[in-house]
Amino acid sequence: MELISSNKVCGGWHKRYTHKSTSTKCDMTFAIFLPESVNQGQNVPVLYWLSGLTCTDENFMQKAGAFKKANELGIAIVAPDTSPRGEDVPDDENGDYDFGIGAGFYVNATQPPYSTHYQMYSYITNELPTLIAQYFPVTNRKSISGHSMGGHGALVIGLRNPEEYQSISAFSPIVNPSNCPWGKKALSRYLSNDSSAWNEYDATALINSYEQVIKRPLRIDQGSSDQFLDEQLQPWVFEQAAAENGYPIQLSMREGYDHSYFFIASFIDEHLEFHASYLS
């Protein structure tokens, strides 16, 4: 790993690193916040944060205002990038923002030319946690959260790996990508035109066929004035599927809030406290 930057903040440290990834076959960047309790010899649990379309590791770390509460609770936060990047990494041929670089959708692509580099599911679930555990003072307890496309990733990864994550949360997640324009575009090109192959990356489909013994605590916050609410997000679809399949979730509709980081900054402390209650 190569350290890119290091800044003291709210008593802890925010650091950015780059490293060569075996999953995505390119250089990847991630950021980590370490609370001041690690300076006293303590190992701390980790919250993984997955960001949305067009974002990098920097969006959450710079805009969410999470450091003060994370330091108080003694939680590390890891924010990876949203996709592979580099000259050899294929992008959308039209330059659209909702596919390709910055829009990895946290899947393991099976279709060329994307299958070589777009292995974000393996990177998030295996390679990155192994790296964090090897080089940083963390415990084996972790939770996962995210926003929009990252909310989709957090729900899918948390539901598929309940033994790995103590709790799951999301802001404005894409809950049913098989039935929204963003998801159909991404899944058809990363996976195939066979929609049955999409189910393992669709939170609503996973809930409808959930067979895991463990049901982790799960909460979603959604702004009522989100410009993508009706066409892309539709959290009520996931809520109904969860209710029909006996999976308890907490969905909070927040009056007047939109899709931006102003929304996330308003409720991030509540999410951190939610996760802290299960990470301790």
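Helix α3 bends by about 30° at Glu127, and a proline, Pro129, follows within four residues. Keep in mind that this is a predicted model.

**Helix α3**

**The nonpolar cores**
- The largest nonpolar core has 64 residues, and Phe30, Phe105, Ile132, Leu159 and Tyr190 touch the most other members.
- Apart from that core lies another one, of 22 residues, which includes Ala66, Ile264, Phe267 and Ile268.
- Take a look at Phe105: leaving out residues up to four places away in sequence, Phe105 touches Leu53, Thr82, Asp98, Met149, His152, Ile174, Trp182, Gly183, Ala186 and Tyr190.

**Asp81, a buried aspartate**
- Asp81 sits in the loop between β5 (76–80) and α3.
- Is Asp81 buried or exposed? With a relative accessibility of 6%, Asp81 counts as buried, because the cut-off is under 20%.
- The side chain of Asp81 makes a polar contact with the side chain of Arg85, at 2.6 Å.
- Setting aside residues up to four places away in sequence, Asp81 also touches Met28, Thr29, Cys55, Thr56, Asp57, Tyr106 and Met120.

- Why call β2 largely enclosed by the rest of the structure? Because eight of its 10 residues are buried.
- On one side, β2 is joined to β1 (residues 2–9) by seven bridges, and the two run antiparallel.
- In that pairing, Asn7 has His14 of β2 as its bridge partner.
- The β1–β2 hairpin has two residues between its strands, and Cys10 in the turn has a positive phi of about 50°.
- Nine bridges join β2 to β3, again running antiparallel, and here Tyr17 stands opposite Phe30 in β3.
- The β2–β3 hairpin has four residues between the strands, with Lys25 taking a positive phi near 55°.
- Phe30 links back to the core story, as it is one of the residues touching the most other members there.

Notes. Residues are numbered from 1 along each chain as its sequence is written. This is a predicted model: local features need pLDDT of at least 70, side-chain atom pairs count only at pLDDT 80 or more; totals for chains, interfaces and linings use all residues. Side-chain values use heavy atoms; hydrogens and water are left out. A nonpolar core is a set of buried Ala, Val, Leu, Ile, Met, Phe, Trp, Tyr and Cys residues joined through side-chain atoms within 4.5 Å. Buried means under 20% relative accessible area, exposed over 50%, partly exposed in between (1.4 Å probe, protein chains only). Contact means heavy atoms within 4.5 Å. A polar contact is a pair of N or O atoms within 3.5 Å; within protein, one must be able to donate a hydrogen and the other to accept it, and residues adjacent in sequence count only if both atoms are side-chain atoms. The bend at a residue is the angle between axes fitted to the seven residues ending there and the seven starting there. Two strands pair if DSSP finds at least two bridges between them.
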